[in-house]
Structures are given as structure tokens and as C-alpha cells.
Amino acid sequence: GLVIHYRGLLKELQENVYPPRLVIQSFKERDIEFTTNFYGLRYSGESTNLIDLNILYFGAFEKPLLMFLEDVAGAIRDEPIIFVDVGANTGQHTIFASRFSRQVHAFEPFPPILERLHAAVDMNSLTNVTIHPIGLGASESLLDFREPPKSNHGLGSFVANFAPSLGDVIQLRVVNGDSYFRETGITAVDLIKIDVEGYEQPVLKGLRTTMESTRPVVVMELTVGRDVEDLFTSEQQLRDALPSGYVLELLQNTGSAMLSGEYFINPFQVDFSLNSQFTVIAYPDELAVKIPHHNLVND
């Protein structure tokens, strides 16, 4: 593979090329296999995939979210945290969080992506990451899973008709989170990231007891507005899925966030009739004074 040193490449592009999107497209068309420095670790990917392409060009995918995860982990605990990655995909969030976590539990049920997740953990010799080759939901079952397109590994979903570009349907194992955590000895959870393409409601239902007892911070991609099963249809329905005393807010970013990782937290205002996705922050009110609300560079 081609070894890319992100910062040097970015400097060259910033000095000589405009607009950057043309360069991103050229990388995508060249089908580059690469291994790059990723916050002191290594990440391997292919430029034809959206997540990998962002890591190659910008240094990370959803960089503001990564910055928030690191900031909130340091704010809520004086020691390394227990991090749960639901929908771990190829492992970007998992290996990033391994840097500041005592233990990472990564859940990914789709075999081709699971193979890449294992490779990412093995390549970095991460001893504090446990990979769970299953999905989390409200109950244990074999569910139909729509395979993601090769251009975006993050689109696979347990939700029927979630997106028109999804591929073949296969069956994958889903378990109740509370029961599985109890059986496997996951008794402490500080921070949970959920990115499951419309399957958020069953995941939260299955983790209700865990959340009530451990009161973690939750960062979740929330899908609304599509006429498909499982989606939350109102703010009250979302609040009812959380333990009492939880605050809802939105993680948002600036125009330069893909490069800078800047973010800010705003009040929760979501039109559930819109066909859209939002990054939701949910945290217990006893942690309110510890939650970082911005990392603006010029602040």
C-alpha cells in the first residue's frame, strides 16, 4: 500500500490546489490503497470508500465527533474510561478511543467490515479493545441486514428500505444489550457511541438497564423523517427511551470542521418530519457541569 503522511499531504494541497473537492475526487478515482498515521496509530484503507477517503484527505472521518469524544472522556473521569462503540464499522472510533480508554468494547456484526475491524486492532497491537461480532438491539434474534455499498461502508442497516443504494440482504445476530453485558461482565460503561443507520431505538431499548445503573454519556447518530420502521418519530419518544434525568443536545460544527475538528454543542432542536440525520448528545444531568460545549480554535 501507499504510505501517506497526512499533514505533509494536506499542506501541499492547501498551498497548491483549489478547490479541495477536485483533489478528493481524483484520489477516489485513483483507487489508492494506503496506510496512514492516525493520531499516533495506523489506519489502512482504500480511497474508493467514503470513510477511508476522509481519513486519507482530512486525517479523520467525522473529526469533530472524535474531538468531542476525547474531550468528554477527559472531562467526566480522572482516569481512562470504559468506551462502548455500537456500530464500530472499520474501527476508526474504536482505535481512536483506545488512546484514552481503559477498555473499549466494539460491536460490529457485518463479516467483511468485521474483518477490517480486527485488522485495525491487530495492526496497532491494541490490548484494551474487545471486539464483539454481533449487533445490539432490543432482543436476541437473527435479523435481515442490508449490506452497504462498496463506496460507503457506513450505510449498512437492519432497517428495511433504509436507503435505495443498499445491497444484498443477509441475516446477522442481534442480542439484547443488557443481557449480553451481564453475561460477558461489562459492568461499567462511561461513554457510548451509537451509529447504526436508523436502528437507534432498539439499541437504546436493549441498553436501558445498563444506562440506568451506569449513567453513561451517549453520542448517537439520530436518523429521522424516513417512512421506515424503528425510527424515532418525536422528541418525547426519544426522551422516553432514555433514563430519567438525561439532557439532550446536538453536536454541531463549523465550516472548517473537516480540517480543524471544531465543534459546538447546541440545544436539542430537531424537526422529526425532516429526512435527515443529527448527532445527538445525551448525558445525565449530574454531569452537566463537566460536558465540554465547544472547542473553537479562536476562542
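1. Glu197 lies in the loop between strand 10 (191–194) and helix 8 (200–206); helices (H or I, at least four residues) and strands (E, at least two) are DSSP runs numbered from the N terminus. Glu197 has a positive phi of about 50 degrees although it is not a glycine. Most residues other than glycine have a negative phi. At 5% relative accessibility, Glu197 counts as buried (buried is under 20% relative accessible area, exposed over 50%, partly exposed in between, with a 1.4 Å probe and protein chains only).

2. The model is predicted: local features need pLDDT of at least 70, side-chain atom pairs count only at pLDDT 80 or more, and totals for chains, interfaces and linings use all residues. Residues are numbered from 1 along each chain as its sequence is written, and side-chain values use heavy atoms, with hydrogens and water left out.

3. The mean pLDDT of the chain, pLDDT being the predictor's confidence in each residue from 0 to 100, is 89, and 89% of the residues reach 70 or more. Over residues 1–22 the pLDDT is below 50, and this stretch has 31 contacts in the model beyond near neighbours in sequence (a contact means heavy atoms within 4.5 Å).

4. Ser125 also has a positive phi of about 50 degrees, and it is not a glycine. Ser125 sits in the loop between helix 6 and strand 6 (129–132). With a relative accessibility of 59%, Ser125 is exposed.

5. Glu221 belongs to strand 11 and is buried, at 14% relative accessible area. Leaving aside neighbours within four places in sequence, Glu221 is in contact with Glu62, Ile194, Asp195, Glu197, Glu200, Gln277 and Phe278. The side chains of Glu221 and Gln277 are joined by a polar contact of 3.2 Å. A polar contact is a pair of N or O atoms within 3.5 Å; within protein, one must be able to donate a hydrogen and the other to accept it, and residues adjacent in sequence count only if both atoms are side-chain atoms.

6. There are 9 salt bridges in the structure, a salt bridge being a side-chain nitrogen of Lys or Arg within 4 Å of a carboxyl oxygen of Asp or Glu. One of them pairs Asp52 with Arg116, with the closest N and O atoms 2.8 Å apart. Asp52 lies in helix 3 (residues 50–58) and Arg116 in helix 6 (residues 111–123), so the pair ties together parts that are 64 residues apart in sequence. Asp52 is buried, with a relative accessible area of 0%, whereas Arg116 is partly exposed at 22%.

7. Arg99 and Glu70 form another salt bridge, the closest N and O atoms being 3.3 Å apart. This pair links distant parts of the chain, 29 residues apart: Arg99 is in the loop between helix 5 (92–97) and strand 5 (101–107), and Glu70 is in helix 4 (residues 63–76). Arg99 is partly exposed at 35% relative accessibility, and Glu70 is partly exposed at 28%.

8. Arg215 and Asp285 meet through their side chains in a salt bridge of 4.0 Å, N to O. Arg215 lies in the loop between helix 9 (208–214) and strand 11 (217–224), and Asp285 in the segment after strand 14 (276–284), so the pair ties together parts that are 70 residues apart in sequence. Salt bridges that share partners join Arg215, Asp285 and Glu286 into one network. Arg215 is buried, with a relative accessible area of 19%, and Asp285 is partly exposed at 44%.
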